[in-house]
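Here's a quick briefing to read with the model open beside you.

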Amino acid sequence: MDSTLPAVAQELLKEIRKAFQETSHVPDDLLLGLKFLFGPSAVPALDLVDQRSVTRVVSPSGRTAYQVLGSSGKLYTCYSSCHFCTCPAFGFTVLQKSESFLCKHILAVYLSRALGACQELTVSEEQLTSILLAEEEDEG
Amino acid sequence: AAIGCSRMAAILEQALGPERAEPGPTWPLLVLGPVGSGRTALLLRAALAGGGDGPRVLYMAPTRLELRYPPTLAALTQELAAMATRARPPGLLLVDGLEHYIQWRPNAAARLAAMLLEASRASHPPTPLIASLCLPPVPPHPTGHHVLPILRRYFLAECHLRPTDGTHMGVEVCLIQPGGASRGWRVRFGDQGGISVMARDGDGDGSDGGGGGDGDGGGSLGGDVMLRSLGGW
């Protein structure tokens, strides 16, 4: 999924990962960079990371998906190899309006991976398939 | 029961054309030929004879082609899930007729594209993926124009087919890839069952045989020109 991010965003995430590994802290200038690049998604995504809302779900064959517990209490599915989220904002703001290239849940997945903050869950192949097939939430 | 085996010879004649005006008796047919003589290609051509309205074909073979006919998006996603868990993933994934599965719904388009990419990238190295979409939508659809921009987020290369006028069925093929020059070919489906491929707009290596080539010549038609000529699609 990294290849779908602009190079500047990939660089920023790399820096965040490095800084966090060395100091267990993300410096303010990198947080400002996040805000600059991802606008209104940045702060809510960081909140989701703080609350450890991102779960990496893996099946025995190695297939992976992410589940993100949204602030509303709803569980959204994010794909692991390309940008897709079942939340209404992804369908509307990203796909239809092209106002943003990801939603806060996908950004939270990126950040949780960079900060090593993903919860881990192993499921059967059937369970993973049903997670990948989770229905989208309608707008509104 | 769409194809009784006694109709097999007629089917093959239909595939090779022109059909006999007065079809005589037809018999179960055995296709014989040495390695590389095109037996499989001939069977596939028989399978596709009659176009979209042709009979539904059951193709059985020990290797190479594995055909699946998921009738719905849910059935297709089950097939993709099964593919990802195979010990030996396929070497090429082809999905024909995306429009049937997405019904021109933008969100369904994104979901299916993402699912296809997931399935393709579940193996290492990833399984190459080629999908086809009918454009413009037939019949026209109110949300049809949202679908292509969404699919382009996931499919980074495109191949445009544009039928050309003429007595033979000809198609201009333009392949557009990110970061690379676009390439063009002219494909002609002859009425004797042959397919000829020519590089379009000159070619780089000068070795194209003109008609019988295998499409290795490089075309130079700009992708933008092709896209504009498709009327905004």
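Two strands are taken to pair if DSSP finds at least two bridges between them. With that in hand: B:Leu175 sits opposite B:Arg183 of S5(B), and S4(B) and S5(B) are joined by seven bridges in the antiparallel sense. Keep in mind that this is a predicted model.

**Chain B at a glance**

- Chain B is built from seven helices and six strands.
- Reading from the N terminus, its elements go α-α-α-β-α-α-β-α-β-β-β-β-α.
- Chain B has 233 residues, and 18% of them count as buried.
- Take the contacts in chain B between residues at least 6 apart in sequence: 43% of these join residues at least 24 apart.

**The sheet in chain B**

- Four strands of chain B make an open sheet, ordered S3-S4-S5-S6, with antiparallel pairing.
- At the edges are strand S3 (158-164) and strand S6 (195-199) of chain B, each of which pairs on one side only.
- From one strand to the next, the twist averages 20 degrees.
- As background, strands of a sheet pair through backbone hydrogen bonds, in either a parallel or an antiparallel way.
- S3(B) pairs with strand S4 (residues 169-176) of chain B over seven bridges, again in the antiparallel sense; here B:Glu158 faces B:Ile176 of S4(B).
- The hairpin of S4(B) and S5(B) has six residues between the strands, and B:Gly179 in this hairpin takes a positive phi near 75 degrees.
- Strand S5 (residues 183-189) of chain B runs antiparallel to S6(B), and five bridges join the two.

**Helix H3 of chain A**

- Which residues of helix H3 (residues 42-50) of chain A are buried? They are A:Ala45, A:Leu46, A:Leu48 and A:Val49.
- Looking down the axis of H3(A), you'll find its buried residues within an arc of 155 degrees, so they line one face of the helix.
- The buried residues of H3(A) pack against strand S1 (54-58), strand S2 (64-69) and helix H5 (104-115) of chain A.
- After H3(A) comes A:Arg52, which has a positive phi, near 50 degrees.

**Where the chains meet**

- On the chain B side, 17 residues are in contact with 14 residues of chain A.
- The elements giving two or more residues to this side of chain B are helix H3 (73-84), helix H5 (106-121) and helix H6 (144-154) of chain B.
- H5(B) supplies the largest share of the side that touches chain A, at nine residues.
- By type, the chain B residues on this side are ten nonpolar, four polar and three charged.

**The nonpolar core**

- How many residues are in the largest nonpolar core? There are 59, and those with the most contacts inside it are A:Cys78, A:Ala108, A:Leu111 and B:Ala114.
- The largest share of this core, nine residues, comes from H5(B).
- Leaving out residues up to four places away in sequence, A:Cys78 touches A:Tyr66, A:Val68, A:Phe84, A:Cys85, A:His105, A:Ile106 and A:Val109.
- In soluble globular proteins, nonpolar side chains tend to be buried together.

- B:Tyr154 belongs to helix H6 of chain B. Why does B:Tyr154 count as buried? Because 20 other C-beta atoms lie within 10 Å of its own, and 20 or more is the cut-off for a buried residue.
- Not counting residues up to four places away in sequence, B:Tyr154 touches A:Cys82, B:Ala113, B:Ala114 and B:Leu117.
- B:Tyr154 and B:Leu116 are 38 residues apart in sequence, with 9.3 Å from C-alpha to C-alpha.
- B:Ala84 is in helix H3 of chain B, and B:Ala84 is buried because it has 24 C-beta neighbours inside 10 Å.
- Setting aside neighbours within four places in sequence, B:Ala84 is in contact with A:Ser61, A:Arg63, B:Ala119 and B:Ala122.
- B:Ala84 and B:Ala119 are 35 residues apart along the chain, and 5.6 Å separates their C-alpha atoms.

Technical notes: Residues numbered from 1 in each chain as written. Chains lettered and ligands numbered in written order. Predicted model: local features only at pLDDT ≥ 70, side-chain atom pairs only at ≥ 80, totals over all residues. Axes fitted to C-alpha atoms, helices over the stretch in contact; angles between N-to-C directions. Buried ≥ 20, exposed ≤ 12 C-beta atoms within 10 Å, placed from the backbone. Arc of directions from axis to C-beta. Contact = placed C-beta atoms within 7 Å. Nonpolar A, V, L, I, M, F, W, Y, C, P; charged D, E, K, R; others polar. Core = buried A, V, L, I, M, F, W, Y, C linked by C-beta atoms within 7 Å.
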